[in-house]
Amino acid sequence: MSSNFLEHSLGSLTTTAGTDVGMAVAPEAVKRARRRIDVDQLYEAVLAGDRTQMARAVTLLESTAPAHRVLAQELLVKLLPHSGNALRVGLTGVPGVGKSTTIESLGMKLIKEGHKVAVLAIDPSSTKTRGSILGDKTRMAKLSAEDNAFIRPSPSAGTLGGVAKATRESMVVFEAAGFDIIIVETVGVGQSEVAVSQMVDVFCFLALAGAGDQLQGIKKGVLEMAEIVAINKADGPNLKQAKRAARELAAAMRMVRPEDSLWHPPTITMSAVENEGLEEFWGHVQEHHKVMRESGQFEHRRREQQVGWMWSMVHETLLQRLNTNPDVVAARESVETQLRHGEITPTLAAEEILRAFDGATGD
């Protein structure tokens with residue numbers, strides 16, 4: 001990627017980028033932001049592994065302030081050549097399945113083996129207050145105290161699938177800082193599994209015995225995406241039931257996966273709280289990584305994820321501009337009133353909204 005192209009793109013972003021309020025980013029606002037945020041200094045600090053500045057960099061990426069979005073892209077352009085070397089692991093499962101316990105136990109194991117582990121834990125935001133508890137650091141107290149671990153809880157902020165908009169960019173920051181394993185934990189509700197599966201190298205599904213998870217997984221399509229399935233909390237009186245659930249899920253996996261698949265997802269039992277089965281779990285992650293690399297699918301998947309990322313951002317930005325466009329806002333009340341009174345069909349109402357948007361953008 002040429003420096004001229006990057007300079008042109010960043011220049012366009014500064015003068016014409018659409019924002020959450022549907023306006024262009026004023027150069028004066030960017031200048032004011034630069035006086036508070038030194039992108040070059042932040043870049044050097046991230047490469048040096050400065051934890052405080054890493055957190056500051058992610059906060060910049062998460063900001064919706066127009067000027068901050070410009071600086072965030074400048075930082076990402078600088079960090080991109082230093083990223084891409086980590087193994088990205090996605091972990092999903094319904095609330096209460098033990099995702100945080102699994103991540104902490106697995107993270108402690110990996111750190112002892114010499115790895116640096118970063119965790120992106122996406123917390124669900126309230127649809128009413130937009131607030132989020134961000135309690136993952138509390139649930140992973142031991143791991144959060146480790147020098148070679150970094151846990152970043154992020155609010156989903158109501159984005160599609162419950163995945164924070166800056167999750168992908170945050171992975172770039174952690175990889176540039178030298179973290180070689182990135183774990184992305186989903187909220188375990190809605191369709192966040194789809195979004196996370198499209199940004200990681202291996203997607204793991206945790207289930208509970210006797211909780212109907214195998215059927216729920218099939219309905220939501222999780223089993224079609226899962227590359228490793230683990231029945232957690234397989235200890236004590238739950239062990240027998242967990243093994244039975246694993247057999248059922250293994251049979252379900254054979255139904256949704258073609259026989260000629262490059263990778264046949266294993267179904268295992270484990271107990272994160274007892275540290276039972278974690279070796280096997282991580283062994284499957286490493287084996288999957290090896291198979292994907294040797295087949296060439298690893299690099300292909302990464303490239304396709306970049307394209308998917310681009311279109312995801314296009315769709316999200318267009319929706320933001322549509323929702324905040326003044327002409328659309330002006331037309332909305334009249335169109336919604338007609339729709340409620342049965343004077344217009346939903347299809348024609350949608351056309352009215354889009355016509356207002358097209359007129360405002362000059363299309």
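Two strands pair if DSSP finds at least two bridges between them. I took helices (H or I, at least four residues) and strands (E, at least two) as DSSP runs, numbered from the N terminus.

**Entry 1. Basis.** I worked on a predicted model, in which local features need pLDDT of at least 70, side-chain atom pairs count only at pLDDT 80 or more, and totals for chains, interfaces and linings use all residues. Residues are numbered from 1 along each chain as its sequence is written, and side-chain values use heavy atoms, with hydrogens and water left out.

**Entry 2. Strand 6 and its neighbours.** I looked up the pairing of strand 6 on both counts. Strand 5 (residues 202–208) is joined to strand 6 by 5 bridges, and the two run parallel. Strand 7 (residues 267–269) also runs parallel to strand 6, with 3 bridges between them. I then followed Ile231 of strand 6: Ala207 stands opposite this residue, and its bridge partner in strand 7 is Thr269.

**Entry 3. Cover of strand 6.** I asked how many residues of strand 6 are buried. The result is 5 of 5, where buried means under 20% relative accessible area, exposed over 50%, and partly exposed in between (1.4 Å probe, protein chains only). I noted that Ile228, Ala230 and Asn232 point one way from the strand, while Val229 and Ile231 point the other way. Residues of both sets are buried.

**Entry 4. Backbone angles in two loops.** I recorded a positive phi of about 60° at Lys233, which is not a glycine. Lys233 is placed in the loop between strand 6 and helix 13 (239–256). Its relative accessibility is 37%, and I list Lys233 as partly exposed. I found a positive phi of about 60° at Asn275 too, again not a glycine. Asn275 sits in the loop between strand 7 and helix 14 (278–295). With a relative accessible area of 51%, Asn275 is exposed.

**Entry 5. Salt bridges.** I searched the whole structure for salt bridges (a side-chain nitrogen of Lys or Arg within 4 Å of a carboxyl oxygen of Asp or Glu). The search finds 11.

I examined Arg301 and Glu227, which form a salt bridge with the closest N and O atoms 2.6 Å apart. Arg301 lies in helix 15 (residues 297–324) and Glu227 in the loop between helix 12 (222–225) and strand 6 (228–232), so the pair ties together parts that are 74 residues apart in sequence.

I next examined Lys78 and Asp40, whose side chains meet in a salt bridge at 2.9 Å, N to O. Lys78 belongs to helix 5 (residues 66–79) and Asp40 to helix 3 (residues 39–47); the pair therefore ties together parts 38 residues apart in sequence. Lys78 is partly exposed at 32%, and Asp40 is partly exposed at 43% relative accessibility.

I then took Arg355 and Glu352, which form a salt bridge at 2.9 Å, N to O. Arg355 and Glu352 are 3 residues apart in helix 17 (residues 346–361), so about one helical turn separates them. Arg355 has a relative accessible area of 48% and is partly exposed; Glu352, at 35%, is also partly exposed.
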